[in-house]
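The entries follow the order in which I turned to each part.

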Amino acid sequence: RDLLNGVVHLTNETPLGEHGVLRGEGCQVADGVELVGPVILGRNVVVRRGASIKGPTVLGDDVVVGENA
């Protein structure tokens, strides 16, 4: 939420993880998920099997992405 509200700003120096994905605490990403960055996942995001998320994308806290979505 802070990112979307402009409270927090990403820069070129912000370390995105593997494949350009930044994961918040408590994220659960199932096997078989396609994440193509830049993707930012908030806290406690759940991404279920077979889902595909392609950046640029920001998912807020407590979002659930359903299977094969």
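I began with Pro56, which lies in the loop between strand 6 (52–54) and strand 7, where strands, like helices, are DSSP runs numbered from the N terminus, a strand being E over at least two residues and a helix H or I over at least four. The peptide bond that leads from Gly55 to Pro56 is cis, with omega near 5 degrees. I then found Pro38 in the loop between strand 3 (34–36) and strand 4, and the bond from Gly37 to Pro38 is cis too, with omega near 5 degrees.

**What I am reading**

I noted that this is a predicted model, in which local features need pLDDT of at least 70 and side-chain atom pairs count only at pLDDT 80 or more, while totals for chains, interfaces and linings use all residues. Residues are numbered from 1 along each chain as its sequence is written, and side-chain values use heavy atoms, with hydrogens and water left out.

**Strands and sheet**

I counted zero helices and eight strands in the protein. Three strands form an open sheet in the order 2-5-8, with parallel pairing, and two strands are taken to pair if DSSP finds at least two bridges between them. Strand 2 (28–29) and strand 8 (64–65) stand at the edges with a single partner strand each, so one side of each is left without a neighbour in the sheet. Strand 5 (residues 46–47) pairs with strand 8 in the parallel sense over two bridges, and I saw that Val46 stands opposite Val64 in strand 8.

**Core**

Which residues make up the largest nonpolar core? I listed 12 residues in all, among them Val21, Cys27, Leu35, Ile53 and Val65; such a core is a set of buried Ala, Val, Leu, Ile, Met, Phe, Trp, Tyr and Cys residues joined through side-chain atoms within 4.5 Å. Buried residues make up 25% of the 69 residues in the protein, where buried means under 20% relative accessible area, exposed means over 50% and partly exposed lies in between (1.4 Å probe, protein chains only). Leu35 touches His19, Val21, Arg23, Val29 and Ile53, not counting residues up to four places away in sequence, and contact means heavy atoms within 4.5 Å.

**Salt bridge**

The structure holds one salt bridge, a term for a side-chain nitrogen of Lys or Arg within 4 Å of a carboxyl oxygen of Asp or Glu. The side chains of Asp61 and Arg43 meet in it at 3.5 Å, N to O. Asp61 lies in the loop between strand 7 (57–59) and strand 8, and Arg43 in the loop between strand 4 (39–41) and strand 5, so the pair ties together parts that are 18 residues apart in sequence. Asp61 counts as partly exposed at 38% relative accessibility, and Arg43 counts as partly exposed at 48%.

**Loop residues**

Gly60 has its place in the loop between strand 7 and strand 8, and I noted that Gly60 touches Gly42 and Val45, not counting residues up to four places away in sequence. Asp62 is in the loop between strand 7 and strand 8, with phi near 65 degrees, a positive value in a residue other than glycine. Asp62 counts as exposed, because its relative accessibility is 54%. Asn44, in the loop between strand 4 and strand 5, has a positive phi near 60 degrees and counts as partly exposed at 41% relative accessibility.
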